[in-house]
Amino acid sequence: MTTDERPSYRAVADRLREAIASGVYAPGESLPTDTKLAEQYGCNRSTMSKALNDLAADGVITKPYYQRGAVVSRIQSKITRDATARYQRVQREEIRPDGLPARGAADAELARLGLISKTETAVYRGAPPAHIAELLGVEATGETVVVRARKMLAATGPGDKGTPTQLADTYIPGALAFGTVLEQENTGTGGMISRLADLGYAQAQITEEIDVRTPTTEEATALEISADQVVYELLHIATTASGQVVEVTRHLMPRSMWRLRYSWALDQG
């Protein structure tokens, strides 16, 4: 005879996970209160609360800042961010299921999951944080860069307002971006990276630095997650073949939504 030696809340979490997977609770549906769920699953409220926190950490449910209780996540599959392939032009401009070319790597990644990419973009001239200014070789005061501040969302259909998937703030030196298409909200097929290439600043090397932390209250509000969830903070640094840093982007991504993938060739000697 075998016994389940897991903590009781994990067993409850697995039962609720199965209920969601089987369609008992649909994507976007609000779950019953902790008290009602505890009664339904034969446990106390504390155990149910821990079970819900476990599911929230895995992205199965969310606890939006704007309401009490939990909601079944609209996005149940993790989005794969393949950093090795996503910056290839063929990848960021690939044809989506609707027959149109993707407007960048993030748009292509969501299209592969049958999701619609939506972006709220603010474009303006400004100054980057000091550490980013140093990377770009610009001043950290005045108007030295074009800032492209984006809130990216994934929608399940035309009528869905979208679920926030990441915040991405891009900084491009003003010397190469001022007065160009890079100051427009929509940069077209392939997005910003393709336009940089068109301007003669093709990216030849990428460096990414990743930290894992909890979000600030402001970040959690923008991402519509609880403040105790974990996020990836990914700093993306793009350099041309001549060694010029032409773009630095700071991504903030809920860990529960994303899978980060990297691959590289090894010296066989």
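Start by selecting threonine 62, which counts as buried because its relative accessibility is 16% (buried means under 20% relative accessible area, exposed over 50%, partly exposed in between, with a 1.4 Å probe and protein chains only). This is a predicted model, in which local features need pLDDT of at least 70 and side-chain atom pairs count only at pLDDT 80 or more, while totals for chains, interfaces and linings use all residues. Residues are numbered from 1 along each chain as its sequence is written, and side-chain values use heavy atoms, with hydrogens and water left out.

Threonine 62 sits in strand 1, residues 61-62 (strands are DSSP runs of E, at least two residues, and helices are runs of H or I, at least four, numbered from the N terminus). Show its neighbours: leaving aside residues up to four places away in sequence, threonine 62 touches Gly69, Ala70, Val71 and Ser73 (contact means heavy atoms within 4.5 Å).

Now go to glutamine 229, in the loop between helix 9 (217-223) and strand 8 (231-239). Is glutamine 229 buried or exposed? At 6% relative accessibility, glutamine 229 counts as buried. Its contacts, not counting residues up to four places away in sequence, are Ala56, Arg213, Thr214, Pro215 and Ser256.

Select helix 1 (residues 8-21) and helix 3 (residues 45-57) together. Their axes come within 8 Å and cross at roughly 60° (axes are lines fitted to C-alpha atoms, for helices over the stretch in contact, and angles run from 0 to 180 degrees between N-to-C directions). That makes helix 1 oblique to helix 3 (angles under 35 degrees count as roughly parallel, over 145 as roughly antiparallel, 65 to 115 as roughly perpendicular and the rest as oblique). Show side chains at the contact: helix 1 supplies Ser8, Tyr9, Arg10, Val12, Ala13, Leu16 and Arg17, and helix 3 supplies Thr47, Met48, Lys50, Ala51, Leu52, Asp54 and Leu55.

Stay on arginine 17, in helix 1. With a relative accessible area of 27%, arginine 17 is partly exposed. Not counting residues up to four places away in sequence, arginine 17 touches Asp54, Leu55, Asp58 and Val60. A C-alpha to C-alpha line from arginine 17 to proline 254 spans 19 Å, for a separation of 237 residues in sequence.

Move to helix 2 (residues 34-41), where the buried residues are Leu37, Ala38 and Tyr41. They lie on the same side of helix 2, because they cover an arc of only 105° around the axis (the arc is that of the directions from the helix axis to the C-beta atoms). Helix 1 and helix 3 are among what covers these buried residues. Turn to the face away from the buried side to find the exposed residues Lys36 and Glu39. Just after helix 2, glycine 42 takes a positive phi of about 65°.

Last, show helix 2 with helix 3. They pack at an angle of about 105°, with their axes 9 Å apart, and are therefore roughly perpendicular to each other. Here Asp34, Thr35, Leu37, Ala38 and Tyr41 in helix 2 meet Arg45, Met48, Ser49 and Leu52 in helix 3.
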